[in-house]
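Trainee: Could you walk me through how to read pockets, helix packing and burial in a model like this one?

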Amino acid sequence: MPSLADHAKSYLNLTLSDRQIEQFEQLTDTLLEWNQRMNLTAIKDRDEIMIKHHLDSLTLLKVLFEFDDLKLIDVGTGAGFPGLALAITFPKLHVTFLDSTGKKLKFIDHAGEALKLDNIETVHARAEDAGRNPNHRESYDIVTARAVARMPALMEYTLPLCKLEGQVIAMKGGTAYDETNSAAKAISELGGELFSIEEINLPTIENPRYLVTVDKIDPTPKQYPRNAGIPTREPIQ
Ligand code: SAM
């Protein structure tokens, strides 16, 4: 069976160093170990974790081409997907992991220490609160989110955190086009512009996935994000 390194090379033209391969192995060990105590992932098989978590995270390389000295925030990161794979692969990328669930962030802090990653930090907050906090608002070159919320609410979570001329990448399944259509108003109201929807076909996985890229072209108006909970209850539509 091809390894993560083989897939990264053939599918993404990415060469992982021996140290990075070791870090991905160590991350998988740590994830499986912690998963016995807390619910971090439903995927229990090592090879499946390599594809469905690590390689899937790295598919962002299909739409992002610059990482060095940039700031990325992974919103609703859970156990660190897609952020951890990027932090391992790009040591000069600074990655902030944001989640409203503190115990998952403890896993990321622990994994970061075990893997000796010095380019990561965790923030325990709701995206709506972080988006109004001057320490985070319009502070990130790249904002990522996988499996967090439907596009209209997700845009209100992510676009306020994104710098002007930065990009938001939403990692989506089969509903990508419908969700993106329903988010047209939210995208423009929050200062974004849809750039592309890229289809991704991972080895051994039947259904395509999609990367929705939204450029930040205007500042987000001050009234956004609204208070925690409102973006999902009353999405901009
Ligand atoms: N991105 C990870 C992945 O793909 O495996 C985790 C996905 S998990 C289904 C969704 C995560 O988003 C949860 O950890 C949840 O706590 C977080 N989340 C949902 N809404 C949030 C919000 N408004 N602010 C911060 N985190 C949020």
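Mentor: Happy to. Keep in mind that this is a predicted model.

Trainee: Which residues lie nearest the centre of the largest pocket?

Mentor: They are Gly76, Thr77, Gly78, Ala79 and Lys104, out of 15 residues that line the pocket. Sorted by class, the lining has six nonpolar, six polar and three charged residues.

Trainee: Let's take one of those. Where is the place of Thr77, and is Thr77 buried or exposed?

Mentor: Thr77 sits in the loop that runs between strand S1 (71–75) and helix H4 (83–89). For burial, look at the relative accessible area: Thr77 counts as buried because its value is 3%, and the cut-off for buried is under 20%. Leaving aside residues up to four places away in sequence, Thr77 touches Phe97, Leu98, Asp99, Leu105 and Ile108.

Trainee: Now helix packing. At what angle do H2 and H5 pack, and how far apart are their axes?

Mentor: Helix H2 (residues 18–35) and helix H5 (residues 102–114) pack at about 145°, and their axes are 10 Å apart. The crossing of H2 past H5 is right-handed. On the H2 side, the contact is made by Gln26, Leu27, Thr30, Leu31 and Trp34; on the H5 side, by Lys106, Phe107, His110, Ala111 and Ala114. By class, that contact has six nonpolar residues, three polar and one charged.

Trainee: Why do residues three or four places apart in a helix point the same way?

Mentor: An α-helix has 3.6 residues a turn, so residues at that spacing point the same way. With that in mind, look again at Gln26, Thr30 and Trp34, which are among the H2 residues in the contact with H5.

Trainee: How do H2 and helix H3 cross?

Mentor: The axes of H2 and H3 (residues 46–58) come within 11 Å and cross at roughly 120°. This crossing is right-handed. From H2 come Phe24, Glu25, Leu27, Thr28, Asp29, Leu31 and Leu32, which meet Arg46, Ile49, Met50, His53, His54 and Leu58 of H3. The contact divides into seven nonpolar, three polar and three charged residues. Leu27 and Leu31 of H2 take part here, and they are also in the contact with H5.

Technical notes. Residues numbered from 1 in each chain as written. Predicted model: local features only at pLDDT ≥ 70, side-chain atom pairs only at ≥ 80, totals over all residues. Heavy atoms only, no water. 1 Å grid on protein atoms, 1.4 Å probe; cavity = no way out; pocket = protein on both sides within 12 Å on 5 of 7 lines; lining within 4 Å. Nonpolar A, V, L, I, M, F, W, Y, C, P; charged D, E, K, R; others polar. Axes fitted to C-alpha atoms, helices over the stretch in contact; angles between N-to-C directions. Helix = DSSP H or I, 4+ residues; strand = E, 2+ residues; numbered from the N terminus. Left-handed = near helix turned anticlockwise from the far one by under 90°. Contact = heavy atoms within 4.5 Å. Buried < 20%, exposed > 50% of the residue type's maximum accessible area, 1.4 Å probe, protein only.
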